[in-house]
Amino acid sequence: MVVLAASIVGKSGKVLVSRQFVDMSRIRIEGLLAAFPKLVGTGKQHTYVETENVRYVYQPIESLYLLLVTNKQSNILEDLDTLRLLSKLVPEYSYSLDEEGISTNAFELIFAFDEVITIGHKENVNVAQVKQYCEMESHEEKLHKLVMQSKINETKDVMKRKASEIDKSKIEKNRGEKGGFGPLQSLGSERIENSFSDLSISSSGSGFGSGPAFGLNTDIDSFSNKTKGRPTSSANAPPKGLGMKLGKSQKANQFLESLRAEGEVILEDVKPSLGQSRSAAPPLTDPITLNVEEKLNVTLKRDGGVNNFDVQGTLALQILNQEDGHIQVQVKTGENQAVAFKTHPNMNKELFSNESILGLKDPNRPFPTGQASDAAGVGLLKWRMQSTDETMVPLTINCWPSSSGNETYVSIEYEASSMFDLQNVVISVPLPALREAPSVSQIDGEWRYDSRNSILEWSILLVDNSNRSGSMEFVVPQADSSAFFPISVSFMATETFSDLKVVNIIPLKGGNAPKFSQRTQLITENYQVV
């Protein structure tokens, strides 16, 4: 009458923890546990099931089974009492009663099972006694740890004293070598001349003792000859080279390096350079650059449909050299009839309407020039497109939260239109306040949890024909479905809805057409699923 094994298995039959108390092969115990899910019936009130050789006594624990495998001669009442004790111990050692929690605390559970069952027979213990036995606290061990810690602290104190003595000896050595000016140099002062012997001091009489009053006359010229390249100072103002400049000493640098080694973030004082350009815009290399940019404002409904779809685009001109300002720009628009174009007030509207050429009303007037720091350029053309057609949306998001027990399972799927290849896609899902990161079970791409703002960021580097759709699944503690909205999306593309192309640059003063380049991008300004 013995317990053969105590196990925790999933409802699909996956074995998470199993402890055998009699000698049996691994193949036999795996066969017994694999047969158990097929024997368990649905809708029955029994907590045991028998086969020809063994008896299974079990108890459901959320989505798992706590299972005792016994022989048929075993006392089922005693087995039920053993099973009841084990069911109280499992939550004590695994706070999350799922596959991940049980697997993480597998050895703690096996040690607890060993305290309850010995060679197949139940020990006369309770939950408190099992926890005390498993903690294995030892007074001798605590005393040993205290002694070791005191030795470590004593060694650290000795190291600090030795380091202080070494620093003092270095300071004394520097003072002896450099005539007492070592401390000034350690403060980071500018280089001071070796001596002040060239400063001539003369008295009003023949020597200092010849009269009650005497004057000091500093020979500035002789001193300034020593200073390399410094301007000669007047007698009333002190020499500029003698000013003491406080900088970072070697000790300060060593201290900062030690902080960096411990993981601290040290911010250095960096003077911004005057010629530094703005962050995002790459430097201009061609004489003429035309920037086509469309900003996307989209609000999608969580159940499908479009609340708002608005595209606003601009064509901007950047000219490096003033001699290239007398030009006209010939463009070609796409076949999208929903796009409404509007020229700048200084542009010749008739010329654009008839020939798709952008030129100033006054052809003798050049376009203004600008350097690379003028990231926006000169606006030539604007356009706008609005729609409620969901097929125009480049990226749709479906979010399906579902609660089960004390957890909420969230499945998110994206579907991208074949119109564009999207780059740097980031889908930001708000989460309820969590104590730890969500459990992501499946994802196409990468994820990052922003604990400060409680946001799960799903990022895909490139969405093209190979991955027009993808999904992510994660689990969080039970929460309302509205907690996962609004979902924010950001991405960029190198094609636009207007499909505007610059065909040619027409010089108005003759000669060859200047070289030009076109930069095209579609970006999201506000893209949400609400």
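How many helices and strands does the chain have? The chain has ten helices and 23 strands. The model described here is predicted.

**Overall organisation**

The chain holds 530 residues, and buried residues make up 33% of them. Its exposed surface comes to about 33300 Å², with carbon and sulfur atoms supplying 50% of that area. When contacts in the chain between residues at least 6 apart in sequence are considered, 67% join residues at least 24 apart.

**Nonpolar cores**

The largest nonpolar core contains 63 residues. Within this core, the residues that touch the most other members are Phe309, Leu395, Ile427, Phe474 and Phe484. Apart from this core, a second, separate core of 30 residues includes Val57, Leu85, Phe113 and Cys134.

The surroundings of Phe484 can be described in detail. Leaving aside neighbours within four places in sequence, Phe484 is in contact with Cys399, Pro401, Thr408 and Val410, among others. Its contacts also include the run Val429, Pro430, Leu431 and Pro432, and Phe474, Val476 and Ala479 complete the list.

**The largest pocket**

By type, the lining residues divide into 13 nonpolar, eleven polar and eight charged.

Which elements each supply at least two residues of this lining? They are helix H3 (99–104), strand S15 (407–416), strand S17 (439–443) and strand S20 (469–477). The largest share, five residues, comes from S20.

Is Val475 buried or exposed? Val475 counts as buried because its relative accessible area is 18%, which is under the limit of 20%. Not counting residues up to four places away in sequence, Val475 touches Glu407, Thr408, Tyr409, Pro438 and Ser439. Val475 and Ser402 are 73 residues apart in sequence, and their C-alpha atoms lie 9.7 Å apart in space.

**Backbone features in the loops**

A cis peptide bond joins Phe485 and Pro486, with omega about -5°. Pro486 belongs to the loop between S20 and strand S21 (487–493).

| Residue | Phi | Loop | Relative accessible area |
|---|---|---|---|
| Glu62 | about 55° | between strand S4 (54–61) and strand S5 (64–71) | 52% |
| Asp499 | about 55° | between S21 and strand S22 (501–507) | 39% |

Why is Glu62 classed as exposed? Its relative accessible area is 52%, and exposed means over 50%. Asp499 is partly exposed, because its value of 39% falls between the limits of 20% and 50%.

How values were computed:
Residues are numbered from 1 along each chain as its sequence is written. This is a predicted model: local features need pLDDT of at least 70, side-chain atom pairs count only at pLDDT 80 or more; totals for chains, interfaces and linings use all residues. Side-chain values use heavy atoms; hydrogens and water are left out. A nonpolar core is a set of buried Ala, Val, Leu, Ile, Met, Phe, Trp, Tyr and Cys residues joined through side-chain atoms within 4.5 Å. Buried means under 20% relative accessible area, exposed over 50%, partly exposed in between (1.4 Å probe, protein chains only). Contact means heavy atoms within 4.5 Å. Helices (H or I, at least four residues) and strands (E, at least two) are DSSP runs, numbered from the N terminus. Accessible areas come from the Shrake-Rupley method with a 1.4 Å probe; for residues, only the protein chains shown count as cover. Ala, Val, Leu, Ile, Met, Phe, Trp, Tyr, Cys and Pro count as nonpolar, Asp, Glu, Lys and Arg as charged, and the others, Gly among them, as polar.
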